[in-house]
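Student: I have a structure open and would like to go through it with you before I use it for anything. Could we start with how far to trust it and then move on to the packing?

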Amino acid sequence: MQIKKFTAENYAEALSLAKKELGEDALILSARTIGSGKGLRGYNGYAKVELTAAIDPGPVETGSPAPAVPAPPPEPKPEAAAGTPGKDEDELDLRSLVATLLTQTDRARSMGLKDRQLKLFQTLVDSGVNERMASKMFERINSENGLDERSGPGGDKNSAIEMMRRVLLCKGGIEMEEKSPKMAALVGPTGAGKTTTIAKLAAHFSLLDKKKVALISLDTYRIGAFEQLRLYGEIMRVPAEMASGAADFRSLVRKHADKDLILVDTTGRSHKDPAYSGRLKEIFDAAGTKVETHLVLSATSQEKIFEESVRQFSPLAIDRVLFTKLDEGMSFGPLFNFSLKTRIPFSYFTTGQRVPEDIEVADREKVIRLIFN
């Protein structure tokens with residue numbers, strides 16, 4: 001592999017030189033600025049860009065294309081050990097990684113980011129923050145700070161955190177009402193953890209806050225779903241009831257009119273069943289009082305599931321979103337993306353299976369810490 005460095009006034013010129021000399025198949029290994037002053041990107045001649053590129057196979061003479069040599073037939077290669085990539089696979093993975101990182105760097109520069117901001121930008125993108133949203137954030141930061149270079153990377157990070165604080169909406173958990181029972185329903189896709197979460201909420205309000213709580217399940221589909229809720233109710237000495245439709249639901253709401261809080265568990269449904277939320281709305285309307293709706297989403301789910309779930313349950317006028325399984329999540333930028341896109345405030349986070357310990361009121365500072373690891 002032939003490796004060569006190219007120096008130019010800016011990145012575009014250096015890239016052009018590399019392609020001209022090594023060809024379109026040249027692999028860009030690194031790019032950096034050299035020099036100092038205000039010209040951090042070759043601006044006004046104060047600094048230059050040094051680009052390292054490579055070409056494989058064989059050396060390429062300056063200004064001359066590589067001679068065409070017929071490729072020999074491939075020799076048989078020994079099988080790599082199970083689960084262990086071979087040498088060629090390692091090289092391909094390395095090339096792919098370098099190309100991907102460089103592409104992201106190129107995109108960042110094209111978005112107007114300063115060189116010192118590239119690492120912070122990459123941190124946000126690696127954490128799952130939408131690339132376009134991250135670039136808009138830096139655009140606002142640079143607009144507010146002007147050409148002031150003194151803030152440095154630390155100042156950029158502080159500015160980004162402050163902007164995220166303004167974007168993330170957390171309006172607290174369930175609040176009691178004075179005259180009638182507060183009604184809160186948990187809705188969401190299958191597997192998000194609604195039943196366990198509703199048990200945590202019931203335990204918190206009944207055992208810790210000493211409120212009178214009742215549980216109503218609308219989940220008549222899953223085998224054992226109500227049995228699980230009923231067992232939780234027995235342990236906490238909280239009544240648990242099953243409603244099979246609007247009439248049953250209205251009757252049970254009247255039966256527990258003396259309670260402080262009625263928590264409603266619902267069936268988990270795929271986002272491909274848009275009619276389900278319409279049926280739920282009919283049942284909630286039968287109660288004759290406001291049902292506060294909390295959309296339950298797993299932090300381990302794909303961001304596309306978040307978007308589809310919001311669309312699916314929009315007829316219910318979602319009041320809050322409750323994220324579960326933060327202890328199992330790998331990246332938390334999607335929570336920031338969700339808040340910015342939907343403007344639905346967060347209510348609670350769950351961080352494990354323990355009842356009632358592993359639930360907490362949502363906090364924007366926690367989201368920010370998770371994003372920055």
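**Confidence and overall make-up**

Tutor: The chain has an average pLDDT of 81, and 77% of its residues score at least 70. Keep in mind throughout that this is a predicted model.

Student: Where in the chain is confidence lowest, and where is it highest?

Tutor: The lowest confidence falls in helix α2 (residues 87-110), with a mean of 56, whereas strand β9 (residues 320-324) has the highest, at 97.

Student: And which residues stay under 50 in pLDDT?

Tutor: Residues 36-46 do, and for them the model has 19 contacts beyond four places in sequence. Residues 58-73 also have a pLDDT below 50, and that stretch has 8 contacts in the model beyond near neighbours in sequence.

Student: Ok, the whole chain then. How many helices and strands are there?

Tutor: The chain has 12 helices and 11 strands. Of its 373 residues, 45% are buried, and among contacts with a separation of 6 or more, 72% are between residues 24 or more positions apart.

Student: Let's do helix packing. How do α8 and α9 cross?

Tutor: Two packed helices are described by the distance between their axes and the angle between those axes. For helix α8 (residues 246-255) and helix α9 (residues 275-286), the axes come within 8 Å and cross at roughly 35°, and the crossing of α8 past α9 is right-handed.

Student: Which residues meet there?

Tutor: From α8 the residues are A246, F249 and R250, and they meet E282, I283, F284 and A286 of α9. By type, the residues of this contact divide into 5 nonpolar and 2 charged, with no polar ones.

Student: What about α10, which of its residues are buried?

Tutor: In helix α10 (residues 303-313) the buried residues are F306, E308, S309, V310, Q312 and F313. Their cover includes β4 (182-187), α9, β8 (292-298), β9 and α11 (333-342).

Student: F306 made me think of rings. Which aromatic cluster does F306 belong to?

Tutor: F306 forms one aromatic cluster together with F323, F338, F346 and F349. Counting ring pairs with centres within 6.5 Å, the total comes to 9 aromatic pairs.

Student: Why is the pair of F338 and F346 tilted?

Tutor: The ring centres of F338 and F346 are 6.4 Å apart and the planes stand at 35°, so this pair is classed as tilted, given that stacked applies under 30 degrees and edge-to-face over 60.

Student: Are those two buried or exposed?

Tutor: F338 counts as buried at 4% relative accessibility, and F346 is buried as well, with a relative accessible area of 0%.

Student: Switching topic: T197. What does T197 touch?

Tutor: T197 lies in helix α6 (residues 194-208) and is buried, with a relative accessible area of 2%. Not counting residues up to four places away in sequence, T197 touches L186, L322, T324, T350 and I359.

Student: Now the backbone geometry. Where is the cis peptide bond?

Tutor: The cis peptide bond joins V355 and P356, with omega about 0°, and P356 sits in the loop between β10 (346-350) and β11 (359-361).

Student: Which residues have a positive phi although not glycine?

Tutor: Among them is A317, with a phi of about 55°, in the loop between α10 and β9, where A317 is partly exposed with a relative accessible area of 46%. Another is R343, with a phi of about 60°, which is found in the loop between α11 and β10 and is partly exposed at 37% relative accessibility.

Student: And what happens just after α12?

Tutor: Just after α12, N373 takes a positive phi of about 55°. In helix α12 (residues 364-371) itself, the buried residues are K366, V367, I368 and I371.

Definitions and conventions
Residues numbered from 1 in each chain as written. Predicted model: local features only at pLDDT ≥ 70, side-chain atom pairs only at ≥ 80, totals over all residues. Heavy atoms only, no water. Buried < 20%, exposed > 50% of the residue type's maximum accessible area, 1.4 Å probe, protein only. Helix = DSSP H or I, 4+ residues; strand = E, 2+ residues; numbered from the N terminus. Phe/Tyr/Trp six-rings, centres within 6.5 Å; stacked < 30°, edge-to-face > 60°. Axes fitted to C-alpha atoms, helices over the stretch in contact; angles between N-to-C directions. Left-handed = near helix turned anticlockwise from the far one by under 90°. Contact = heavy atoms within 4.5 Å. Nonpolar A, V, L, I, M, F, W, Y, C, P; charged D, E, K, R; others polar. pLDDT = per-residue confidence, 0-100.
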